[in-house]
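Good morning, and thank you for coming. Please look at the structure as it comes up.

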Amino acid sequence: MANTSAKPAFLQWYEPHHQKLVRYCRSRAFGVMAAEDLVQEAVLATLANWENIKDHDKLLGYMIGVVNNLVRNHRRRAPFRAQWDEQQLQALESRLGDAATALDISYLLKAIDQLPAKQAEALQLYEISGFKIKEIAALQQSSEGAVKTSLSRARQQLRQTLAEDGRRLSVGERLSIYASVLL
């Protein structure tokens with residue numbers, strides 16, 4: 001664990017990023033674990049490694065990487081994928097109150113999971129968490145053009161994947177509903 005003198009320095013760097021991290025955690029944690037638990041685990045893991053982080057200006061990017069790893073590890077430890085899918089669908093249904101829309105969003109989340117990691121991350125940061133393209137480029141250490149390309153390819157892949165499910169909602173409608181569920 002980090003020494004007690006590192007905690008005030010960490011909190012000073014972390015505080016301006018808190019709301020963005022919480023919003024991103026909500027998009028990544030839904031149906032997997034409680035968003036508050038994910039935020040707490042990410043903060044604790046980052047604080048424990050605070051003295052090893054060389055560039056504190058990239059703290060938010062580091063923490064998003066921690067969140068992605070935590071979710072990946074949690075899913076890997078889940079006993080059965082089918083059980084996770086059912087829990088996620090039930091959580092969506094309880095938040096939306098509409099089984100058909102919950103199923104549409106469930107298909108969207110499965111399709112996002114099939115995207116390449118950078119595309120999925122860019123899509124979640126932009127469409128669901130409300131980050132600007134410039135911020136995503138800084139987080140992913142790429143150009144704004146590369147982020148726009150990733151977003152375009154992600155949307156195109158989602159449209160193709162979701163066209164096959166025969167559901168009634170478009171990709172944009174599903175993304176906006178999912179983002180509103182997380183607020």
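The largest pocket has a volume of about 340 Å³. A pocket here is found on a 1 Å grid over the protein atoms alone, as an open set of points where a 1.4 Å probe fits, with protein on both sides within 12 Å along at least five of seven lines; lining residues have an atom within 4 Å of a point. Grid points are joined across faces, edges and corners, and the volume is the space filled by probe spheres set on the points.

Before going further, a word on the source: this is a predicted model, in which local features need pLDDT of at least 70 and side-chain atom pairs count only at pLDDT 80 or more, while totals for chains, interfaces and linings use all residues. Residues are numbered from 1 along each chain as its sequence is written, and side-chain values use heavy atoms, with hydrogens and water left out.

Helices are DSSP runs of H or I, at least four residues long, numbered from the N terminus. By class, the lining divides into seven nonpolar, four polar and six charged residues. Ala, Val, Leu, Ile, Met, Phe, Trp, Tyr, Cys and Pro count as nonpolar, Asp, Glu, Lys and Arg as charged, and the others, Gly among them, as polar.

The second largest pocket has a volume of about 190 Å³. Its lining includes His17, Lys20, Asp57, Tyr62 and Glu135. Here α4 and α8 each supply at least two residues, and the classes are four nonpolar, three polar and four charged.

I turn now to the packing. Helix α2 (residues 18-29) and helix α7 (residues 117-128) pack at an angle of about 120°, with their axes 10 Å apart. Axes are lines fitted to C-alpha atoms over the stretch in contact, and angles run from 0 to 180 degrees between N-to-C directions. That angle makes α2 oblique to α7; under 35 degrees counts as roughly parallel, over 145 as roughly antiparallel, 65 to 115 as roughly perpendicular and the rest as oblique. The contact, meaning heavy atoms within 4.5 Å, is made by Arg23, Tyr24, Ser27 and Arg28 of α2 and Glu121, Gln124, Leu125 and Ile128 of α7.

Helix α2 also packs with helix α3 (residues 35-48), at an angle of about 125° and with axes 8 Å apart. The two are therefore oblique to each other. His18, Val22, Cys25, Arg26, Arg28 and Ala29 in α2 meet Ala35, Leu38 and Val39 in α3. This contact has six nonpolar, one polar and two charged residues.

Lastly, helix α8 (residues 133-140) and helix α9 (residues 144-163) pack at about 100°, with their axes 8 Å apart. They are therefore roughly perpendicular to each other. Ile133, Lys134, Ile136, Ala137 and Gln140 of α8 make the contact with Glu144, Val147, Lys148 and Leu151 of α9.
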